[in-house]
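Hello,

Here is the structure I promised to pass on to you. Have a look at it first, and then read my notes below.

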Amino acid sequence: MTRETFGRLVTTEPATGRITFTELWGARTLDLADLYRRSARVARWLLGHGIRPGDRIGIHAANGLEWVLLDLAALRLKVETAGLEPGKFTPDSDLLTRYDLTLLCTDRHTEGPGIVPISEVTEAAGRRDLDEPALPPVTWQPEDVTTIKFTSGSTGESKGLGATAGSIDSSLRAVQEIFEHGPGDDLFVFLPLSLLQQRYWIYSALLHGHDVTVSTYEAAFAALRQVRPTVVMGVPAFYETAKRQIEARQRRGSSVTEAAQAVFGDRIRYLWTGSAPAAPSTLRFFVDAGLPIYEGYGLNETCIVTKNHPKAHREGSVGQVLRGKEVLIDADGVVHVRSDHPVNTRYLYAEPGSSEQIFAPDGTVRTGDLGHLDEDGFLFIRGRADDVIVLDNGKKVIVRPIEEQLKADPAIAECVLFCPGQTELVAVVSPAHVPADRTAITAQLASTNAALTSDERISRMILADEPFSIDNGLLTSQYKPRRRQILAAHHAAVHDPKEGIHAP
Amino acid sequence: MLPELEVTAREQFAAVLTHDVAPAALDLDADMVGHYALTSLNKVLFLTELCETTKVDLANFTEDDLAGMRTLRDVTDAIARHVGPVGS
């Protein structure tokens, strides 16, 4: 079944399409056919390093040409990749051992057995003596693992999950069915290529002949206005930032259309968002600005499950279920996802017991999200099952809508509700700036409580001295609050009834 | 450092923050992330916008240069090395 995707990726030189790489210094564009030929040279270079089918190589680098060449070369050799994001992983011999890597290519200055500077990939890609011989034929079976995904999870070390060729094939087909990317499109990617989903758009370009632009994170905003893509692959935090920028330009006198085009260029067909819930006000803003934005739903463990798209979208939902997926809602309202081709049936690297918590034996995933399907099959996510607080009177409180309401005030960057002793709700608030605007935050507490039932009301608010951040471990890499760590950091105050700002 | 560059930098920085801070009240030596809760994306946007306004080519800097700019003064010092009169 993977013949039409991986079969073509490993055997067929693309006839059309270009790939552009942008960094702060500028941009470089290649025909996809040229990229394909260079990837064969890199494949032969890997063979020269003793890499063989079934081996695993690590790629530890910022977005760039070499990342893509290594990934494509690995596919052409039936070699697994492990995408290791710089900043999250240190390129040393421990990394090779921990993830069973035969070779680690990195753009950082480091040395050691099995560690190769990525500049060698650049050099290999330009060597004409590596144009021969023909690469040995390879076949990817649906159950074969192509790459290791790393997921931050809610605790400690990243979990590693082998992604099967069948799951990638299924997702690529389903997305193409609804978005019909093709010649004329240019998909803009700036999130790390270590995230498999970002590499989908390169595979899509190779399969469907459209253009794709890969930017470093730092060059993203500068590149957008120069590249003028038709599709942007983003996450809610990115769109929040872009929204503020558009609003700032409007205050300086631009129309919303002019301001939006100054940020995204003038060719946007749609904006893609996922990975975390987007604020409804942000989604509405872009739609009103003439930039359709489509939210979807999926986890690392499920790949993409649902997606709004031009032919089927519903406000407030994360879209209808894609072909090859099935959404099952259990008696507690928790979303489970069954896949024709599961990403996998267990983690490859994780604490004992982690796999059993999320994977059923057939690969069905218990997402831990609460949701429901409407009569037309649109999925609505209401929060995390773990985020349901059961009070001592038996009343269940879903905390996310309350937290969202609190966060509506610009003085509050993030907040998380806890329920010490099952008797009162206590919010830990990350202020938008230091010192915190206590007056605004107290007023927001009062106005939020006014709209809630008595069981849902927040009794106290603990103001964090230091805003939650990725650096202090209180936000995930995708800017989601880490509840357990936040509670640990504020445990004494949360459990002391005298602490915090008390509701009026 | 050119005074007009500092004024522009203060205005642009205040504009990307998620909360209201008067440009004149910004501390040039405060850590932009730790003190002003600047996200990495907002930092990228701020530098992109400031370079555009001051007509300094962002290509003068590397990704590592950007990572090393921790305070507003780091930013204005770095840009001052490449800037002509603002608005020229």
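A crossing of two helices is called left-handed if the near helix is turned anticlockwise from the far one by less than a right angle, and right-handed if clockwise. Before the details, please keep in mind that this is a predicted model, where local features need pLDDT of at least 70 and side-chain atom pairs count only at pLDDT 80 or more, while totals for chains, interfaces and linings use all residues. Residues are numbered from 1 along each chain as its sequence is written, and chains are lettered from A and ligands numbered from 1 in the order in which they are written.

Let's start with two helices of chain B. Helices (H or I, at least four residues) and strands (E, at least two) are DSSP runs, numbered from the N terminus. The crossing of α1(B) and α2(B) is right-handed. Helix α1 covers residues 3-16 of chain B and helix α2 covers residues 40-54 of chain B; their axes come within 9 Å and cross at roughly 145°. (Axes are lines fitted to C-alpha atoms, for helices over the stretch in contact, and angles run from 0 to 180 degrees between N-to-C directions.) Among the residues making this contact are B:L5 and B:F13 of α1(B), and B:L45 and B:L50 of α2(B). Here, contact means that the C-beta atoms of two residues, placed from the backbone, lie within 7 Å.

Next, the sheets of chain A. Two strands pair if DSSP finds at least two bridges between them. One open sheet has four strands in the order β16-β17-β18-β19 (chain A), with antiparallel pairing. β16 (325-329) and β19 (379-384) of chain A are at its edges with a single partner strand each, so one side of each has no neighbour in the sheet. From one strand to the next, the twist averages 50°. β16(A) is joined to strand β17 (residues 334-339) of chain A by five bridges, and A:I329 stands opposite A:V335 in β17(A).

Another open sheet has six strands, ordered β6-β5-β3-β4-β7-β8 (chain A), with mixed pairing. Its twist averages 25° from one strand to the next. Strand β5 (residues 103-106) of chain A pairs with β6(A) in the parallel sense over three bridges, and A:C105 stands opposite A:V116 in β6(A).

Finally, how many residues does each chain bring to the contact between chain A and chain B? Chain A brings 24 residues and chain B brings 21 residues. On the side of chain A that touches chain B, α9(A) gives the most, with six residues.

Enjoy exploring!
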